[in-house]
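Welcome! Take a moment to look over the protein shown here, and then let's walk through it together.

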Amino acid sequence: METRLPSRFNAAALGRTTTLCTLELPVSHFKRLAALLLDGSGEVRASMQFDVSQDGVPTASGSLQGEVRLTCQRCLTPMDHLISTAFSFGFVASETAADELPDYLDPVLMDEAGDVLAVEMFEDELILQLPLSTLHAEDENCVPQGETGEASQAPEPGGKTYQPFSALGEMLKNDDG
Ligand SMILES: [Zn+2]
């Protein structure tokens, strides 16, 4: 039997019941994540099992999926990105307790009442799943913005030499007298 996880929940109580929970949240609820995206469209879904570790720490393990929309850095058009990852969290009340968690558990801080916000629990994990370089795949119709088509050479990454602060550096160097 599955229970729908509320946006705010008591981690310790859920751990004692070893409940299987599901969660669905719009991407727009993850403010820091959405700020890195083209827009807040899409949805995040998670399925997780609550439990208590051998050391008595409430835990939640499961999988996290989502679709987010980024901007391709080559053609500047929208690009959909699928997120799919697994997690094992340990719920702790302090940074000290977080340091004592076994390696397989990522710490999630509870408030004084033992409550956790679902958005805060998953946001860092979602941000970590964004690609380092946002570019369409080779076989997609992806043409650099402003290019006419006659020069079809691939753009060199990091090939730009424009350094807006080099002049400032010179000024600072000469300003020591
Ligand atoms: Zn592209």
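## The zinc site

The zinc ion is held by Cys72 (SG), Cys75 (SG), His136 (ND1) and Cys142 (SG), which lie 2.0 to 2.3 Å from it. These are its protein donors, meaning N, O or S atoms within 2.8 Å of the metal (3.2 Å for Na, K and Ca), with water not among the atoms, so sites may look incomplete. The four donor atoms make angles of 102 to 121 degrees, and the site is tetrahedral (four donors, all angles between 85 and 135 degrees).

Along the sequence, the donor residues follow the spacing C-x2-C-x60-H-x5-C. Cys72 and Cys75 are both buried (under 20% relative accessible area, 1.4 Å probe, protein chains only).

## About the model

This is a predicted model, where local features need pLDDT of at least 70, side-chain atom pairs count only at pLDDT 80 or more, and totals for chains, interfaces and linings use all residues. Residues are numbered from 1 along each chain as its sequence is written, and side-chain values use heavy atoms, leaving out hydrogens and water.

## The sheet

Now for the strands (DSSP runs of E, at least two residues, numbered from the N terminus). Six of them form an open sheet with mixed pairing, in the order β1-β3-β4-β5-β6-β7; two strands pair if DSSP finds at least two bridges between them. β1 (2-4) and β7 (106-109) are at the edges with a single partner strand each, so one side of each has no neighbour in the sheet.

β1 pairs with β3 (residues 20-26) in the parallel sense over three bridges, and Thr3 stands opposite Cys21 in β3.

Definitions and conventions
Four donors count as tetrahedral if all angles lie between 85 and 135 degrees; four count as square planar and six as octahedral if opposite donors are over 155 degrees apart and all others between 65 and 115; anything else is irregular. Buried means under 20% relative accessible area, exposed over 50%, partly exposed in between (1.4 Å probe, protein chains only). Helices (H or I, at least four residues) and strands (E, at least two) are DSSP runs, numbered from the N terminus.
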